[in-house]
Amino acid sequence: MRKQIAAANWKMNLTIQQGEQLIDDILAIPHDIKDNQEVIFAVPAPYLAMAQQKLRNKENVFVAAQNVYSKKSGAYTGEISVDMLSSLAVQYVVIGHSERREYFNESNAFLAEKVNICLDNNIHPIFCCGEALAIREAGTQNEFVASQLKESLYHLSADQIRRIVIAYEPIWAIGTGKTASSAQAQEMHAFIRTSLTDQYGANTANSISILYGGSVKAANAAEIFSQPDVDGGLVGGASLNAEEFASIINALQ
Ligand code: PGA
């Protein structure tokens with residue numbers, strides 16, 4: 001059975017003290033993380049060690065980096081390597097968030113390199129895909145997402161792609177308060193799963209968790225997560241509030 005995942009994406013928010021407090025507050029609220037469920041905190045790089053320290057004994061709770069560089073080491077001032085993440089025992093990294101694609105010009109080909117170096121070093125990518133509003137309005141969102149998957153992931157073997165989590169995040173729903181309807185989310189998630197099936201077969205496709213991201217909050221999480229091909233969420237704004245995020249964890253199916 002594939003995993004159901006609630007992933008927090010703090011983005012560039014909070015001080016380390018606020019981050020520590022937020023983790024403490026979430027852990028203090030009764031929440032139930034079942035065997036097939038995971039909770040992931042994607043925290044800013046300077047807080048990875050703190051988060052890892054706080055969460056290392058919590059079952060099914062993991063820390064993620066929000067970014068990693070495509071090279072192993074060297075003269076890349078300011079970048080973070082997979083070895084640095086491994087040395088902190090960080091097991092997940094968000095790859096290809098739309099904000100990185102847009103503001104830092106990360107291309108599908110570059111993201112493929114990042115995916116490769118993660119998999120070569122036993123770090124699981126949480127690979128983000130999703131279309132902008134203009135593409136949705138033109139009705140070409142399926143083709144657009146298919147090309148993101150093809151150009152960044154479909155060179156992988158079945159064994160490799162099984163180690164990836166996919167997050168579908170329509171850009172028009174990120175931080176806008178405008179959530180995709182659960183039917184729109186399901187439609188795209190089913191399309192992604194069919195594409196994975198065509199490429200890798202049903203067994204592999206059915207083992208890959210596909211998260212929805214874009215204005216997920218306590219009030220809509222249960223409805224979105226109830227869709228058959230939605231396996232949890234990647235949550236920005238609402239993950240900065242302990243009550244909200246604890247409710248989202250409890251909404252996992
Ligand atoms: P949001 O962000 O929940 O604030 O819309 C989601 C994301 O960008 O991962």
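This is a predicted model: local features need pLDDT of at least 70, side-chain atom pairs count only at pLDDT 80 or more; totals for chains, interfaces and linings use all residues.
**Exercise 1.** Check what the 13 residues of helix α1 (residues 16–28) should span, and find which residues of α1 are buried.

*Solution.* At 1.5 Å a residue, α1 should span 18 Å, and its end C-alpha atoms are 18 Å apart, which agrees. The residues Gly19, Leu22, Ile23 and Ile26 of α1 are buried. They cover an arc of only 95° around the axis, and therefore lie on the same side of α1. Gln17 and Ala28, on the other side of α1, are exposed. The cover over the buried residues of α1 includes β2 (37–42), α2 (48–55) and α12 (242–250).

**Exercise 2.** Describe how α1 and α2 pack.

*Solution.* Two packed helices are described by the angle between their axes and the distance between the axes. For α1 and α2 the angle is about 25°, and their axes are 10 Å apart. Because angles under 35 degrees count as roughly parallel, α1 is roughly parallel to α2. The crossing of α1 and α2 is right-handed. On the α1 side, the contact is made by Ile16, Gly19, Glu20, Ile23, Asp24 and Leu27, while α2 contributes Met50, Ala51, Lys54 and Leu55.

Conventions:
Residues are numbered from 1 along each chain as its sequence is written. Side-chain values use heavy atoms; hydrogens and water are left out. Helices (H or I, at least four residues) and strands (E, at least two) are DSSP runs, numbered from the N terminus. The expected span of a helix is 1.5 Å times one less than its number of residues. Buried means under 20% relative accessible area, exposed over 50%, partly exposed in between (1.4 Å probe, protein chains only). The arc is that of the directions from the helix axis to the C-beta atoms. Contact means heavy atoms within 4.5 Å. Axes are lines fitted to C-alpha atoms, for helices over the stretch in contact, and angles run from 0 to 180 degrees between N-to-C directions. Angles under 35 degrees count as roughly parallel, over 145 as roughly antiparallel, 65 to 115 as roughly perpendicular and the rest as oblique. A crossing is left-handed if the near helix is turned anticlockwise from the far one by less than a right angle, and right-handed if clockwise.
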